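Subject: Structure handover

Hello,

Here is the structure for your files. My notes on it come after the model.

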Amino acid sequence: MTLEIERKFLVENDAWRNAVETSKAIVQAYVAIDGDASMRVRISDETKAQLTVKVGVSEMTRHEFEYSIPVADARAMTEASRGRLVEKTRHIITIEGFVWEVDVYEGRLAGLVTAEGEMGSERDTPSLPSWLGREVTGDPAWSNAMLAMNGRPGDGS
C-alpha cells in the first residue's frame, strides 16, 4: 500500500506542453465505486495493465493498492465496467522537484484538461505553474471515478 497525496487543478492553457517529459495513453475503467472508495483497472499504452483500489483518507490523501494484471484481464474488466471509463493521455512534467501529471481527456470528456501535483506530505507547498486554473482538490465531482460515471460537472455530458 502507498499513500497518494496530490492536489488537483483545472488547466487554463497550453503553456505546459513544452515542458512534457513523457506521455502515455490511458484507458481507465471503474469496476466498483462506493463513496470515497473505488476499484479501477487501467491499461497504459495498450501494453501494461493494473488493478487499483483507492480509499480516501482526506481531501488530498488516499490509500492506494496497485497490482499488475494481464492486459487481457484488464480488457475484460473494462468491458464489464458498464461504460464507467475515462480515456486520456497523461503527460508528466517535473517542476522544482514536484511531479505534475497533466491529463488531456478524450471521448465524452474531450476538451477537459486537468493537472495533479504529486506531493510527499499534505504540508508540501509546490510552486503553482501559471497554466493552472481553479483548484478542484477534494471536490468529488472532479475525481476520475465521478468523471467516468457522470461526465464533466455542469455540462450534462
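The notes below cover the aromatic pairs and then one histidine.

Please keep in mind that this is a predicted model.

Aromatic pairs

There are two aromatic pairs in the structure. F9 sits in strand β1 (residues 2-11) and W100 in strand β7 (residues 98-105), so the pair ties together parts that are 91 residues apart in sequence. Both F9 and W100 are buried.

W100 also pairs with W131, this time edge-to-face, at 6.3 Å centre to centre and 75 degrees between the planes. W131 belongs to the loop between β8 (113-118) and β9 (132-135), while W100 is in strand β7, so this pair ties together parts that are 31 residues apart in sequence. W100 has 0% relative accessibility and therefore counts as buried. W131 is buried too, at a relative accessible area of 6%. Through these ring pairs, F9, W100 and W131 are linked into a cluster.

H91

H91 is located in strand β6 (residues 85-95). With a relative accessible area of 10%, H91 is buried, because buried means under 20%. Its side chain makes a polar contact with the side chain of S23, at 2.6 Å. Leaving aside neighbours within four places in sequence, the residues in contact with H91 include W16, R17, V20, T22, S23 and W100.

Regards

Notes
Residues numbered from 1 in each chain as written. Predicted model: local features only at pLDDT ≥ 70, side-chain atom pairs only at ≥ 80, totals over all residues. Heavy atoms only, no water. Phe/Tyr/Trp six-rings, centres within 6.5 Å; stacked < 30°, edge-to-face > 60°. Helix = DSSP H or I, 4+ residues; strand = E, 2+ residues; numbered from the N terminus. Buried < 20%, exposed > 50% of the residue type's maximum accessible area, 1.4 Å probe, protein only. Polar contact = N/O pair within 3.5 Å; in protein donor to acceptor, adjacent residues only side chain to side chain. Contact = heavy atoms within 4.5 Å.
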